[in-house]
Amino acid sequence: MFVQWQKWRATMVPNDGFISDSEVPDELETRKIFLQGLSKDKYPVMIVQASRHFPSKDQIQFKKFIVHLLDKTIASAFKGREVGNEKLIGVLDLQGISYKNVDARGLITGFQFLQSYYPECLAKCYILHMPWFFVSVWRFVSGFLDKATQEKIVIISNEEEKKLFVSEVGEDILPEEYGGRAKLVPIQEVEVKPPENGRTT
């Protein structure tokens, strides 16, 4: 698996460093990804606002964008901490989405990258505000996820589950619109030092 990862990494990030903002301008322009700091369990929290996402016409840039945001999210947890506990929490917010925002291919690509090239990095993924028309889309996407990944996904559907979500992640880093006390922080405004040689393994 390590050899496979090395080959993939060399193809996706030729300089074996990191993918800069300038390589994924179209995806960053929509300001749909937010990096909120560390959860109660010291995992970096990334929020995706799907209403700002539109299926990409440039799949190469989109794949680079996935690597960019995963690398940056993981690297943001290294400040003053020992490298090795490379897990993250994802929050997928579906509030306000319409059919034009639906991107099953993009979701599958993101989760498959996590499964294949960032194994064990997903601590948990919370899905908020899932509309009725997205249920069938999610059922289709779930068919491409392995059991271990599916078990880490939590769909928030009532107030009790939302309270548990806020409690688990932490009010200090969750934005006000999600029940916390923080402000949304666009990922491009967060400065991190990339780990040497890309993601450590």
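How do the residues of the lining of the largest cavity divide into nonpolar, polar and charged? There are 21 nonpolar, five polar and two charged residues in that lining, where Ala, Val, Leu, Ile, Met, Phe, Trp, Tyr, Cys and Pro count as nonpolar, Asp, Glu, Lys and Arg as charged, and the others, Gly among them, as polar.

The model is predicted, so local features need pLDDT of at least 70 and side-chain atom pairs count only at pLDDT 80 or more, while totals for chains, interfaces and linings use all residues. Residues are numbered from 1 along each chain as its sequence is written, and side-chain values use heavy atoms, with hydrogens and water left out.

**Cavity**

A cavity is a set of points, on a 1 Å grid over the protein atoms alone, where a 1.4 Å probe fits but cannot get out; lining residues have an atom within 4 Å of a point. Grid points are joined across faces, edges and corners, and a volume is the space filled by probe spheres set on the points.

| Item | Value |
|---|---|
| Cavities of 30 Å³ or more | one |
| Volume of the largest cavity | about 520 Å³ |
| Lining of the largest cavity | 28 residues |

Val48, Leu92, Gly106, Leu107 and Gly110 lie nearest the centre of the largest cavity. Two or more lining residues come from each of β2 (44–49), α3, β3, α4 and β4; helices (H or I, at least four residues) and strands (E, at least two) are DSSP runs, numbered from the N terminus.

**Cores**

A nonpolar core is a set of buried Ala, Val, Leu, Ile, Met, Phe, Trp, Tyr and Cys residues joined through side-chain atoms within 4.5 Å. Buried means under 20% relative accessible area, exposed over 50%, partly exposed in between (1.4 Å probe, protein chains only). The largest core has 45 residues, and Trp8, Val67, Phe111, Tyr118 and Trp138 have the most contacts inside it. Helix α3 gives the most to this core, with eight residues. Another core, of 15 residues, lies apart from it and includes Phe34, Ile47, Ile156 and Val166.

Beyond its neighbours within four places in sequence, Phe111 is in contact (heavy atoms within 4.5 Å) with Leu122, Cys125, Trp138, Leu145, Thr149 and Ile153.

**Helix α7**

In α7 (residues 159–169), Phe165, Val166 and Val169 are buried. These residues are on the same side of α7 because they cover an arc of only 95° around the axis, taken from the directions from the helix axis to the C-beta atoms. The buried residues of α7 pack against β2, β3 and β4, whereas the face turned away carries the exposed residues Glu160, Lys163 and Leu164.

Notes. On a 1 Å grid over the protein atoms alone, a cavity is a set of points where a 1.4 Å probe fits but cannot get out, and a pocket is an open set with protein on both sides within 12 Å along at least five of seven lines; lining residues have an atom within 4 Å of a point.
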